[in-house]
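Please look through the sequence and the structure shown below.

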Amino acid sequence: MSQVTPIDYIMEDPREALRLERKVDPFAWVQKYLAHRVCPGAEVLSVGCGPGVILRSVANLDSSIRATGIDISRDRLQQAREKNHDNSRLQFVCGDAQSMEFQSNSFDLVYCRMLLQYLKEKERAVSEMARVCKPGGTVLLQDLDGQLLWHYPEDPSVQRTLEKVVAALATTGFDPFVGRKLFWLARNAGLTKIDIQAECYHLIVGEADSHILKQWELKLEIARPQMSRVLGSESEAKKQSQAFLDFLRRPDTLTYSTVFTVAGEKPL
């Protein structure tokens, strides 16, 4: 999905792909965001397709739909091919979202989900998605805004650590506020008739339940190598991770983030 070096990219850890896969209901997501935008016979492209579970649900909308997934990770693509080996209407290719080798005007629907937050060249990636979309077709972008950073009341020490880690990750292209930028990116890529949705994504009110805490424990464990480099040692990374988990266990706090979904049409 992301176009950064493996040492900087937490998605290279197979546990992160599995964690994210478990967080989404592919059928429900496709029904909500894509089903009304996909016609029979459509050619669909998933950019940053990961293991292909959402793309499989797209293809299942109609037996005439053909779908392609592109991802930078060969491991994710291998998982996608294994999961979808019985469906000849699905294909998966390795490539860079910021410089795709598909011909222009190839797909009726092009979409990405939770990808742009990681890319260094976000404008170029969205322009590429618009380029490979057919005139009259749709490009859909979905990503987060405010993840990791919005809490109340804030714990000053925890907040400083979060902001320090996020600032360091910015050198890899990571942007926790990319959601609010999707409209501008879509418009800048020449898309028209742009539709926008903003919804709550994370919402933890009071003490987080055990399932949410386990998700965050795993996420912080996966991110520990990056945190250790930023904070100076693994012991400090463990200490600050525990401080954040303790914050989530407090009965008086609220943590939230927003997800933006932007869909636009490529002009005829």
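In helix α9, which spans residues 224-231, the residues Q226, M227, S228 and L231 are buried. Here buried stands for a relative accessible area under 20%, exposed for over 50%, and partly exposed for values in between, with a 1.4 Å probe and protein chains only. Helices (H or I, at least four residues) and strands (E, at least two) are DSSP runs, numbered from the N terminus. The model is predicted, and local features need pLDDT of at least 70, side-chain atom pairs count only at pLDDT 80 or more, and totals for chains, interfaces and linings use all residues. Residues are numbered from 1 along each chain as its sequence is written, and side-chain values use heavy atoms, with hydrogens and water left out.

What covers the buried residues of α9? The cover includes α6, α8 (210-222) and α10 (234-248). Just after α9, G232 takes a positive phi of about 100°.

The packing of α8 against α9 can be described in more detail. These two helices pack at an angle of about 60°, with their axes 5 Å apart. Axes are lines fitted to C-alpha atoms, for helices over the stretch in contact, and angles run from 0 to 180 degrees between N-to-C directions. Angles under 35 degrees count as roughly parallel, over 145 as roughly antiparallel, 65 to 115 as roughly perpendicular and the rest as oblique; α8 and α9 are therefore oblique to each other. On the α8 side the contact (heavy atoms within 4.5 Å) is made by L220, E221 and I222, and on the α9 side by R224, P225, Q226 and M227. By class, this contact of α8 with α9 has 4 nonpolar, 1 polar and 2 charged residues. Nonpolar covers Ala, Val, Leu, Ile, Met, Phe, Trp, Tyr, Cys and Pro, charged covers Asp, Glu, Lys and Arg, and the others, Gly among them, are polar.

Two of the helices that cover α9, namely α6 and α10, also pack against each other, at an angle of about 125° and with their axes 10 Å apart. They are therefore oblique to each other. The residues that meet are S157, V158, T161 and L162 in α6 and Q240, A243 and F244 in α10. This contact of α6 with α10 divides into 4 nonpolar, 3 polar and no charged residues.

The next topic is the aromatic rings. Rings of Phe, Tyr and Trp (its six-membered ring) pair if their centres lie within 6.5 Å; planes under 30 degrees apart count as stacked, over 60 as edge-to-face and the rest as tilted. By this rule the count comes to 7 aromatic pairs. One of them joins W150 and F177, a tilted pair with 6.1 Å centre to centre and 35° between the planes. W150 lies in the loop between β5 (133-145) and β6 (151-152), and F177 in the loop between α6 (156-169) and α7 (182-188), so that the pair links distant parts of the chain, 27 residues apart. W150 is partly exposed, with a relative accessible area of 23%.

W150 also forms a tilted pair with Y256, at 5.2 Å centre to centre and 35° between the planes. Because Y256 lies in strand β8 (residues 254-265) and W150 in the loop between β5 and β6, this pair ties together parts that are 106 residues apart in sequence. Elsewhere, ring pairs link W29, Y33 and Y111 into a cluster.

Finally, is Q103 buried or exposed? Q103 is exposed, with a relative accessible area of 65%, and is placed in the loop between β3 (90-94) and β4 (107-113).
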